[in-house]
Amino acid sequence: MSRCYLRYWTRWQLSLPLMSLLLSSIATGCNNQASSPPPAPQVETVASPSDRSKVVTTFLPMYWFTKAVAGEEAQVEILVPPGTEVHEYQATPANVQAIATADVLVKNGLGLEEFLEDTIKNAGNSKLKQVEASQGIKPVTEISPVEEATSEEEHEHEHSEGNPHVWLDPVLAQQQVNNIRDGLIAADLQNKATYTTNAANYIQQLQTLDREFRQRLQKYPNCTFVTFHDAYPYLAQRYKLKQVAVVEIPEDQLSPQDIQRAIAAVKKYNVKAVFGEPGTDNRLLKNLSQDLNLTFRPIDPLETGETNPQYYFTAMKANLKSLESACQ
């Protein structure tokens, strides 16, 4: 007796006529079961990476904002490795190749990415769509004096088009996200709904961050600070802080005279705290803070860190904590 018959035989004890009829029915079912191929598995269709738009971004904040908007609908890359100085960056052959094969390039603008002009020209990509995230944003020029802590009369970074560090203002960051959203939609209309939804979600987080900055810093309307990197005028203006000076310190080959000039500049403005930045040598600033009995606090221009778009909020909340502590 076949296995198929045996399975039924052991479950029922029926009369002979009924058993004959049942066996005939089972035989038909078993034959059909044996001859019918198994159903084909259902495979979900997923767009391959080659089907997605390729978007290159210049440096970390532009990557965060673009990745937050694009989600998984576009392939997003970064040109300048996190932690690398954007102002003085020299393009590589890999950068040229990335732009040559890209559909969209997202940049901050305001003269920050000086390396781009020749790089784009060398890439020869006539179909490339460029998105300037700072479009429509009115740049600020120098809002505080620059104190040279060196005998050399030159600035580390010249901002000929105004200060480019707009991403450090959560309100202006919202405008940058909107500009990126519009640029991605123009290049990839079929994913408009996704880009619109993703941008709205990220902007909602930026609005929450802005409210937190306002609520916590409004208690210190006369807070003054000196920075050693001219990256924070937008942040200061937005939350009514007073950046009274930028002290430029040479990054290497410090002389005793350089140190004395830095001390004199900090004393001149009677500030309470000294801010240092991640990824830089802060030994001089720490020594200054100890000698002058000042608080040393970290502040981050957000040019280094994790590539997760949520890291923007982690770093900005840490900046808020440092500012709040320095202003007390």
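With which residue does E72 form a salt bridge, and how far apart are the closest N and O atoms? The first legend below gives the partner and the distance.

This is a predicted model, in which local features need pLDDT of at least 70 and side-chain atom pairs count only at pLDDT 80 or more, whereas totals for chains, interfaces and linings use all residues. Residues are numbered from 1 along each chain as its sequence is written, and side-chain values use heavy atoms, with hydrogens and water left out.

**View 1. The salt bridge of E72 and K67.** E72 forms a salt bridge with K67, the closest N and O atoms being 3.7 Å apart; a salt bridge is taken as a side-chain nitrogen of Lys or Arg within 4 Å of a carboxyl oxygen of Asp or Glu. E72 is exposed, with a relative accessible area of 59%, on a scale where buried means under 20% relative accessible area, exposed over 50% and partly exposed in between (1.4 Å probe, protein chains only). The structure holds seven salt bridges.

**View 2. Further salt bridges, including that of D169 and R238.** The side chains of D169 and R238 meet in a salt bridge, at 2.8 Å from N to O. This pair links distant parts of the chain, 69 residues apart, with D169 in the loop between β5 and α6 and R238 in helix α8 (residues 233-238); helices (H or I, at least four residues) and strands (E, at least two) are DSSP runs, numbered from the N terminus. D169 counts as buried, at 2% relative accessibility, while R238 counts as partly exposed, at 26%. Another salt bridge joins the side chains of R214 and D210 (3.1 Å, N to O), and both of these residues lie in helix α7 (residues 192-217), four residues apart, which is about one turn of the helix. R214 is partly exposed, with a relative accessible area of 36%, and D210 counts as buried at 10%. A network of salt bridges links E212, R216, K219 and E324.

View 3. Four strands, in the order β2-β1-β3-β4, form an open sheet with parallel pairing, where two strands pair if DSSP finds at least two bridges between them. The edge strands, each pairing on one side only, are β2 (74-78) and β4. Neighbouring strands of this sheet are turned by 20° against each other on average, direction ignored; axes are lines fitted to C-alpha atoms, for helices over the stretch in contact, and angles run from 0 to 180 degrees between N-to-C directions. Five parallel bridges pair β1 with β2, and K54 stands opposite Q75 in β2. Between β3 and β4 there are four bridges, also in the parallel sense, and the partner of V104 in β4 is K129. Helix α6 (residues 170-187) packs on the sheet, touching β1, β3 and β4, and its direction makes about 165° with that of β4. Helix α3 (residues 60-70) lies across β1 (53-57), β2 and β3, running at about 170° to β2; contact here means heavy atoms within 4.5 Å.

**View 4. The enclosed strand β1.** Five of the five residues of β1 are buried, so this strand is largely enclosed by the rest of the structure. Both faces are covered, with S53, V55 and T57 buried on one side and K54 and V56 buried on the other.

View 5. In helix α5 (residues 116-123) the buried residues are L116, T119, I120 and A123. Seen down the axis of α5, these residues fall within an arc of 95°, so they line one face of the helix; the arc is that of the directions from the helix axis to the C-beta atoms. On the other side of α5, E117, K121 and N122 are exposed. The cover over the buried residues includes α4 (93-100), β3 (104-107) and β4 (129-132). G124, whose phi is positive, near 60°, follows α5.

**View 6. The surroundings of S134.** S134 lies in the loop between β4 and β5 (146-148) and counts as buried at 2% relative accessibility. A polar atom of the S134 side chain lies 2.8 Å from the backbone oxygen of N108. Not counting residues up to four places away in sequence, S134 touches N108, L110, V166, Q176 and N179.

**View 7. The loop residue H87.** H87 is found in the loop between β2 and α4 and is buried, with a relative accessible area of 12%. The C-alpha atoms of H87 and E113 are separated by 6.5 Å, although these residues are 26 residues apart along the chain.

Terms used
Polar contact = N/O pair within 3.5 Å; in protein donor to acceptor, adjacent residues only side chain to side chain.
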